[in-house]
Amino acid sequence: MEETRGEWAVLRVTGEMDLVTSPAVRQHVHNAVADGRRSLVLDLSQVLFCDSSGVGVLIASRRLMRSCAGRLRLILPAQGAVDGSHVNRVLAALGVRRLFECYPDLEAATDEAARPLSA
């Protein structure tokens, strides 16, 4: 679930982000911060379903990274996880997509010169 790309810790999330699985994602983010990581990418390109608890984990992760002067980037491609990024649609529908720096793939997310996708 975790790899390193330069200074970026990359956490890959697959399947569902719901009441059952979200605590594990939250724990991985906390572990990365506890290990001294201040640049974190959450790869959500293979998430098929995300409910309010998953969105809550993303918002809490953003808050945690900001509190330690860290950076959080999300991978939310236009296509992926079967028929398009479910997480992208959920965040947009809730009006919180603009809170996150989103990138189409791992290469862009870990490239210091890359610009985030527009909300």
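**Entry 1: the pocket**

I started with the largest pocket, where β4 gives the most to the lining, with four residues. I note here that the model is predicted. I looked up the volume of this largest pocket and got about 180 Å³. The elements that give two or more residues to its lining are α2 (52-67) and β4 (71-75).

I then listed the lining residues. They are Arg-62, Met-65, Arg-66, Gly-70, Arg-71, Leu-72, Arg-73, Leu-74, Leu-99, Phe-100 and Glu-101. I sorted the lining by class and found five nonpolar, one polar and five charged residues.

**Entry 2: the cores**

Next I went to the largest nonpolar core, which has 27 residues. Which members touch the most others? They are Leu-44, Leu-58, Leu-74 and Leu-91. I checked which elements give two or more residues to this core: β2 (8-17), α1 (22-34), β3 (39-50), α2, β4 and α3 (86-94).

There is also a second, separate core of nine residues. Among its members I noted Trp-8, Val-10, Tyr-103 and Ala-114.

**Entry 3: Leu-74**

Tyr-103 belongs to the second core.

**Entry 4: helix α2**

I checked the length of α2. At 1.5 Å a residue, its 16 residues should span 22 Å. I found its end C-alpha atoms 22 Å apart, so the two agree.

Which residues of α2 are buried? I recorded Ser-53, Gly-54, Val-55, Val-57, Leu-58, Ala-60, Ser-61, Leu-64 and Met-65. I looked for what covers the buried residues of α2, and the cover includes β2, α1, β3, β4 and α3.

Past the helix I stopped at Ala-69, which follows α2. Its phi is positive, near 55 degrees.

**Entry 5: Thr-14**

Last, I looked at Thr-14, which is found in strand β2. Is Thr-14 buried or exposed? Its relative accessibility is 56%, and exposed means over 50%, so Thr-14 counts as exposed.

I checked its partners, not counting residues up to four places away in sequence. Thr-14 touches Gln-46 and Val-47. I also took the C-alpha to C-alpha distance from Thr-14 to Ser-45, which is 7.7 Å. In sequence, Thr-14 and Ser-45 are 31 residues apart.

Definitions and conventions: Residues numbered from 1 in each chain as written. Predicted model: local features only at pLDDT ≥ 70, side-chain atom pairs only at ≥ 80, totals over all residues. Heavy atoms only, no water. 1 Å grid on protein atoms, 1.4 Å probe; cavity = no way out; pocket = protein on both sides within 12 Å on 5 of 7 lines; lining within 4 Å. Points joined across faces, edges and corners; volume = space filled by probe spheres on them. Nonpolar A, V, L, I, M, F, W, Y, C, P; charged D, E, K, R; others polar. Core = buried A, V, L, I, M, F, W, Y, C linked by side-chain atoms within 4.5 Å. Buried < 20%, exposed > 50% of the residue type's maximum accessible area, 1.4 Å probe, protein only. Contact = heavy atoms within 4.5 Å. Expected span 1.5 Å × (residues − 1).
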